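Welcome! Please take a moment to look over the sequence and the 3D structure before reading on.

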Amino acid sequence: MRIAGIKTHLLNHHLSAPFQSSFSTFHARTHLLVEIICEDGTIGWGECLGPADINASVVASMAKMIVGRNPLDIEPIWLDVYNQYRDQGQRGPIHTALSGIDIALWDIAGKHFGAPVYQLMGGAHRTRIAAYATGGFRAEGKDHAEHCAKEMAGYVAEGFTAVKIKIGYGVESDIATIEAVRQAIGPDVTFMIDANHGYDAIDAIEIGRRAGQYNIEWFEEPVIPEALTSYREIRKAQSIPVAGGETWHGRWAIAQALEARAVDIIQPDVCGVGGLSEARKIITLAEIHHVRLVPHVWGTAVALAAGLHFHAIIPPAPPSHEARSPRLEFDRTHNPFRQAVICKPIEHVDGMVEVPGGPGLGIEIDRRGLEEFAPK
């Protein structure tokens, strides 16, 4: 079996109601899928986190090193490609593009051996995962506290027992939003905040100190990802556990953050960190540093499926009778092609999500969805 070709599928949907993180305004949902075709007709699918057009160009550049090779040589392919690009790409698009390729290769391997990816990667510790609803972006022209509180209460009504909101819009505004959301969801729902590195250390510490009374599970990306010293200062100066890692691409960047004791919770994304191969290595790093691992997930159902297989293989840490499972991030923001790209949607039932159990990622791509949301 040999790789015959690699294709990319750019997906785009213009948003009639744009929304904002701390530093960016989303006018569209844009994602990139990677399709690897083998000579025997086997096809694998992956997804890249980050700017889709840049990822598409990098994947196209990498393809010349991959076509003609055995798709089951996943680790040799990963290392050969990374070594070729490492001088200019120790982080960023090299890792995000390689992530999509790596995930597609694991999908092929699972289909070849007739087993789910999680089985090939050592077996599942769980195949049913509690999810948390991600949303709470700032809607243009709406009061964030009021709108966010209503949105989160809606997710709780759907059956979610944990929610995450976006902050980073100003200290006073954010505290008002956090208070409104806690009142709306009640005292027992797990509640996380994510600043998308919208603060400096001074304001992040103030947020942490003032928000602590609202029983916050974690404070995600309080400052820019380069500022490891500030991360450490924020951990020491306030009581909310600090989380981050979706933009620390590759095992070396993750190791640097863990060695710096920058976070209490590490959050690699399989579509950005280097794929499932690299994500599996980060499990070991998290265990060595005794840091909780709760992956980041953002994208289409392909990213969701890959994230679920990664969640399945994360061991309980520490192992105990009451061992906790890391919660699955379940994006609830508007994205009409999220589930349209697969034939059987991956949905939650009362806040719980099943890991697809079929061969490979366990999903079947609906090419009608790819065509419908291709850029016109």
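Here is a short briefing, from the whole fold down to single residues.

This is a predicted model, and the protein in it has 12 helices and 13 strands. Its radius of gyration is 20 Å, which agrees with the value near 21 Å that a compact globule of 376 residues would have. Keep that picture in mind as you go through the points below.

**Overall shape and packing**
- If you follow the C-alpha trace along its principal axes, the protein spans about 60 × 45 × 45 Å.
- Of the 376 residues in the protein, 59% are buried.
- Take the contacts between residues at least 6 apart in sequence: 73% of these join residues at least 24 apart.

**Surface and charge**
- The protein has an accessible surface of about 15000 Å², and carbon and sulfur atoms account for 51% of that surface.
- There are 34 positive and 45 negative side chains in the protein.
- The centres of these two sets of charges lie 3 Å apart.

**Cysteines**
- How many disulfides does the structure hold? The number is 0.
- For comparison, a disulfide needs two cysteine sulfur atoms within 2.5 Å.
- Cys343 is partly exposed, because its relative accessibility is 40% and that class runs between 20% and 50%.
- Cys148 has a relative accessible area of 0%, so this cysteine is buried.

**A strand residue: Ala133**
- Ala133 belongs to strand E4, which covers residues 128-134.
- Is Ala133 buried or exposed? Ala133 counts as buried, because its relative accessibility is 0% and the limit for buried is under 20%.
- Setting aside residues up to four places away in sequence, Ala133 touches several partners, among them Tyr155, Phe160, Val163 and Phe330.
- Arg332 is also one of the residues that Ala133 touches.
- Ala133 and Thr333 are 200 residues apart in sequence, yet their C-alpha atoms are 9.3 Å apart in space.

**A loop residue: Arg261**
- You can find Arg261 in the loop that runs between helix H9 (250-259) and strand E10 (265-266).
- With a relative accessible area of 35%, Arg261 is partly exposed.
- Which residues is Arg261 in contact with, leaving aside neighbours within four places in sequence? They are Arg232, Arg235, His289 and Val291.
- Arg261 and Val355 are 94 residues apart in sequence, and their C-alpha atoms are 32 Å apart in space.

**Backbone details to look for**
- Ala317 and Pro318 are joined by a cis peptide bond, with omega at about -5 degrees.
- Pro318 sits in the loop between helix H11 (301-313) and strand E12 (328-331).
- Asn215 is not a glycine, but it has a positive phi of about 55 degrees. Look for Asn215 in the loop between helix H7 (201-211) and strand E8 (219-220).
- Asn215 is exposed, with a relative accessible area of 52%.
- Asp350 is not a glycine either, and its phi is positive at about 55 degrees. The loop that holds Asp350 lies between E12 and strand E13 (352-354).
- Asp350 counts as exposed, because its relative accessibility is 58% and exposed means over 50%.

Technical notes: Residues are numbered from 1 along each chain as its sequence is written. This is a predicted model: local features need pLDDT of at least 70, side-chain atom pairs count only at pLDDT 80 or more; totals for chains, interfaces and linings use all residues. Side-chain values use heavy atoms; hydrogens and water are left out. Helices (H or I, at least four residues) and strands (E, at least two) are DSSP runs, numbered from the N terminus. The radius of gyration is taken over C-alpha atoms; the globule rule is 2.2 Å times the number of residues to the power 0.38. Buried means under 20% relative accessible area, exposed over 50%, partly exposed in between (1.4 Å probe, protein chains only). Contact means heavy atoms within 4.5 Å. Accessible areas come from the Shrake-Rupley method with a 1.4 Å probe; for residues, only the protein chains shown count as cover. Lys and Arg count as positive and Asp and Glu as negative; His and the chain ends are not counted. The place of a charge is taken as NZ of Lys, CZ of Arg, CG of Asp or CD of Glu.
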